[in-house]
Every structure is written in structure tokens, then in C-alpha cells.
Amino acid sequence: MNRRKLSQNAAFSLFWAAGIMSVLIMAVVVGYVLVKGLPGISFDFFTTSPRGGLSGEGGIYSTIVTTFYLVVVTLAFAIPPGVGAAVYFSEYSGSTVGSLTGKLVNLARFGVDTLAGVPSIVFGLFGYAVFVTAMNLGFSILSASMAGACLIIPVIIRTTEDALESVPSGYREGSLALGANRWETTWKVVLPAAFRGISTGILLSAGRIVSETAIFFVTLGGSYRVPHSLMSGGRTMALHVYYLAMETRAFDRAMSTAAVLVGLVVVMNLGINTITGRITGKQR
Amino acid sequence: MTFGTKRDCTQKIMRTVLLVSALTSVLIVVLIFVFTAGRAAPAFHEIGIWKMVSDTTWRPGSGEFGILAMIAGSGIVTLGAVLLGVPLALGSAVFLAEIAPEWIAGAVRPSIELLAGIPSVVYGLFGMAVIVPMVRTIPAPGNAGYGVLSASVVLAVMILPTVTSISELAIRSVPAGYREGSLALGATKWETVRRVLIPAAKPGIVSAVILGLGRALGETVAMIMVIGNSAILPAASTGNPLSIFLSRARTLTGNIAVEISYATGVHESALFATGVVLFVLIMLINSSAALLLKKGVR
């Protein structure tokens, strides 16, 4: 009996150690980047553009602008088909089992699952092959955002579907009983009720675009100038970290840019947790 | 039936529009496959698929396009990441699911989830600043810190949140009766975890590991930053076979990213071929994980 108790204590202390270790790793990564990066950040850092060249001098203004444009354009490409697909899966696919449409639904689901597993450099290759070269759009925000949309469409579909499914079925039944048809019910009742959950998914996707590097490494070109149209190339903050670390001597500036990125990610995570917390809180 | 009112008309149009949206993903997958494989075809045709994947020499300048070195590079880095990251992830998963008091789990879980949100380029930078100098202190000929070990450590941290959260879910979804039955029979909590919960959650845990594997294989930028990027077969530099982990290497993903912007002709096509190999590998891995998950549900 004593030995069993002893082995339980030994095992449980290892599990505690694992849990503590994981939190420590997070704290060390985030802490290191913030401690090393924050001192290099000033007002000028945000308002001046990188000067280019080996020294890596200058701030990150143009990279903020590029990141912002890229997120907005990518979301514009990804939200309509993403939310549309989720609405179809959640609201329309129920009565189609066994029919031809049912087979299409299975095919569509398979497509979403497959797309979610594609490694991002393959999206990059695809974007390079189709948008950059075949369609002759060059290294541009347009090319990059279309490639980036492929990455986040599955994310939007999954989160939106979860949000739609958490709308109580009584809402739908009530609306249908009052004579509204399926589309009116979806548009005027279900979507508004799921609005918060859908926004969370969109925020999450925006975070993925801010964090992504591989796709934009091969579709966005990497110019450090401020983009002036959809056809301009550019570099996001994440790409800027890469270029600074690998191609200049400005490792400290890479660290400062990384600190801005990490700060942004932490804020976005807190935002998402607050929104979802409020939703679950409301349902209780 | 009757005259379509405006409402019915909108309803029908929207149903079609939504169905088309649902099929967008399929269209994208097909396009990706067609274009990547299409651009890879010349390389496969001129060099031969088998020659490409079995030859270790990658020298675009002299027309040699063997990608076995990169397959091995991706393989060994992923193996290292799994060896380092999976025990920690599983330990954390059991901790969160069974051991930690709810308020501690409530603080630990978001901390680990935060790791999933950190951009891979930040991991690469952290690797360059912290991990590489640490690895450099290991005395071995030619060890500059950049190599398989540094890459594996960075990747281990990157797959930690994926493996932890899916494994925790698997352990939590074991029916409560299993746990209660085991405890009622006089087993200790640890015996219950080891003999009942972990075996019952095994399909889910294995698929968590496989998904982590997929994530590791697909990682690009963090790898380029710490692995040294030499297109050579990783090899031991001393009598100690473990020194293979100090070797420089290149991953399949890194091979594409580093060279695509200036490659032309067969060289470019060979990079698309690298993409096809990567795509197929990851599809195989992900579908085996999905299969296991389905089994686990039954």
C-alpha cells in the first residue's frame, strides 16, 4: 500500500513539473523577447520606415501599414466564402443526407479538412505559381492576400460553424413557426445571435495573418517601402523580423519588432478570451 | 409549383450561393494540387521521381536535384522535436485533465495556448538568440550551434500547445464511469490514470502526436533561421552517433523558401516537386490522424 502511494506521489510530482515547465517555457519565450525588445521601442520606431540596407536602421512604419492592408484585404477575400460555407454546413446541410447534395456536402467537408492541413509554404508556392507568375500580379498585396485567404478560410469556417451551432435551436424554430423561411431565419435571427462567436473567429484569423511568414515570404516580395496600392509589394512586421535577423546587423531591431508582434498577439488572445468568456458567461 | 414570390426567389438564390461557398475549399485544394503538380511535372519528367527522392545531392548549379538530404533533414528534426516535446506535452495534458486543481488549470491552459499564437518567426529569433548560443557550447568539431538540435528544440516548443490541448481533450472525453469504476475497485488515482485513462484515450493521444508531427514537418521560417540550411545529409561528426544532432541540415520547407525567388527552369520545377513531396507526406500524416480520431470516437 505504501509503495503504491509512493509511486503515485512520484508520478504526480512529474506531472506537476511538466505543467510548471510548460508555463515556464511560455514565460521565458515571451519574457525574453519583451525584455530584450521593449527598450528599443520609441515613438519614432512606429513612425519611421526602415531605411533598408545592411545596417537595418529605421523603424517599422511601412511594415505596420503593409500588415494592416494585408489583413484587411485577406479578410475581405476569406470572410464571404468562409462564413457562407459555415452557414451552409450548419443551417442547410441537415436535410440532405443521402441525396446528391449530401454527397456534395461530404466532398465540401473533405475539402475543408484537407485545406486545413496544407502546410503554409505550399500555399506560398501555389500563390507564387498562380497569382505572382501565371496571373502576372507580381509580388503584391493582392497576390499575397489571395494566398493568405486559403490559409484562413478553414479557420473561419470552423469557428463560424461552432458559433452557429451554439445558437439555441428554439431561435430557429420560433422564427420558422412565425412564417419566415430558412434564409430569412438565418439572416435575421441566427447570424445576429452568432455575431460574437463569428467575430472571435475573424479575430483569430487576423492573428494568423499577422503571424504568418512563409506564405508572404514567397508572394509579397519584401520591399521595405510604404505600399501605395494593392499591386505594391511590401513586408509585414513578421517578415521584417526575418529580414532584419537574417540579412542585416540589426538584431536588436529584429527583437524590438518581435516584441511588438508578441504584444499584439497577447492583446489579441486576451481579446478573444474576453469575448468567448462573455459568451459562455451569458449562457450560464 | 406556384408563382415564385420575391422571398422564395431570394431563398433559392442564397441556397445556391451558400452551397458554392461550401465548395470553395474543394476548388482551392484541386487548384493547389493541379498547379503545384503541374509546375513540378517537368522536373519529375526530366529527372525522374525515384531519382529525385533517392539522390542526396542537391546542386542546382550543376543540374543535380536530389532531395533525399532534405527529406532526411525534415525527418530528423521532426523526430527530435517529438522526442523532446511529446513527453512534456503529454505530462502537461495529464496534469491539466486529471491533477491540477481547476483554478490552476484555468491559468495554465491559456498560458500554453498563448504559445500557439506566437508567430513562428519569433520562435526562430528566440532560437537564434538563446538556443543556438547554448547549443554552441557543446564541444564538437564544426559545431556552430546552427543545426538539427537547435531546430528540434525550437520545434518541440512549437508543437507543445497542439499536442497538449488535443491530448487533454482525449483524456477528458474518457467516460466518467471508467474513472469511477477503477477508483471503486480500489485503484489509486495514479493507477487509474496509467491503467485506465491513458489506454482509453490512446487513439486521441496518438492522433495528437501525429498532428504535432504534421505541424513540425510544415514549419518553414523558424527552421530556416536555426538549422544552418546546408543541403547535406545530416551526419555524425565524431565517433559519437548523437553528434548527428549537431549537424547542419535543411528541411523540405526551407529548400523551397530559400531558393524559389531566384530559381528558373528545371530548378524552379524541382522546388515545386519538393512542395509536392511535402504535400503528399503531410496529407498521409493528417489522414492517418483523422482515421485514428474516428476510431477513438467509436
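In soluble globular proteins, nonpolar side chains tend to be buried together.

B:Val122 also has partners in chain A. Leaving aside residues up to four places away in sequence, B:Val122 touches A:Val33, A:Val241, A:Ala258, A:Leu261 and A:Val262.

## The contact between the chains

Chain A contributes 71 residues to the contact and chain B contributes 69. On the side of chain B that touches chain A, helix α1 (residues 6-47) gives the most, with 20 residues. By class, that side of chain B consists of 45 nonpolar, 20 polar and four charged residues.

## Chain A

The secondary structure of chain A comprises 12 helices and zero strands. The C-alpha trace of chain A spans about 70 × 70 × 35 Å along its principal axes. Chain A has 284 residues, of which 47% count as buried. Of the contacts in chain A between residues at least 6 apart in sequence, 72% join residues at least 24 apart.

Helix α3 of chain A covers residues 61-92, which makes 32 residues. From its first C-alpha to its last, this helix reaches 45 Å, close to the 46 Å expected at 1.5 Å a residue. There is a bend of about 35 degrees in α3(A) at A:Ala78, and the proline A:Pro80 follows within four residues.

## Chain B

Chain B has 12 helices and two strands.

The C-alpha trace of chain B spans about 70 × 65 × 35 Å along its principal axes. Of its 298 residues, 50% count as buried. Among contacts in chain B between residues at least 6 apart in sequence, those joining residues at least 24 apart make up 75%.

## Confidence in chain A

The average pLDDT of chain A is 90, and 95% of the residues score at least 70. Over residues 279-284 of chain A, however, pLDDT stays under 50, and the model has two contacts beyond four places in sequence for this stretch. Where pLDDT is low, the predicted coordinates should not be read in detail.

Key. Residues are numbered from 1 along each chain as its sequence is written. Chains are lettered from A and ligands numbered from 1 in the order in which they are written. This is a predicted model: local features need pLDDT of at least 70, side-chain atom pairs count only at pLDDT 80 or more; totals for chains, interfaces and linings use all residues. pLDDT is the predictor's confidence in each residue, from 0 to 100. Two residues are in contact if their C-beta atoms, placed from the backbone, lie within 7 Å. A residue is buried if 20 or more other C-beta atoms lie within 10 Å of its own, exposed if 12 or fewer, and partly exposed in between; C-beta atoms are placed from the backbone. Ala, Val, Leu, Ile, Met, Phe, Trp, Tyr, Cys and Pro count as nonpolar, Asp, Glu, Lys and Arg as charged, and the others, Gly among them, as polar. The expected span of a helix is 1.5 Å times one less than its number of residues. The bend at a residue is the angle between axes fitted to the seven residues ending there and the seven starting there.
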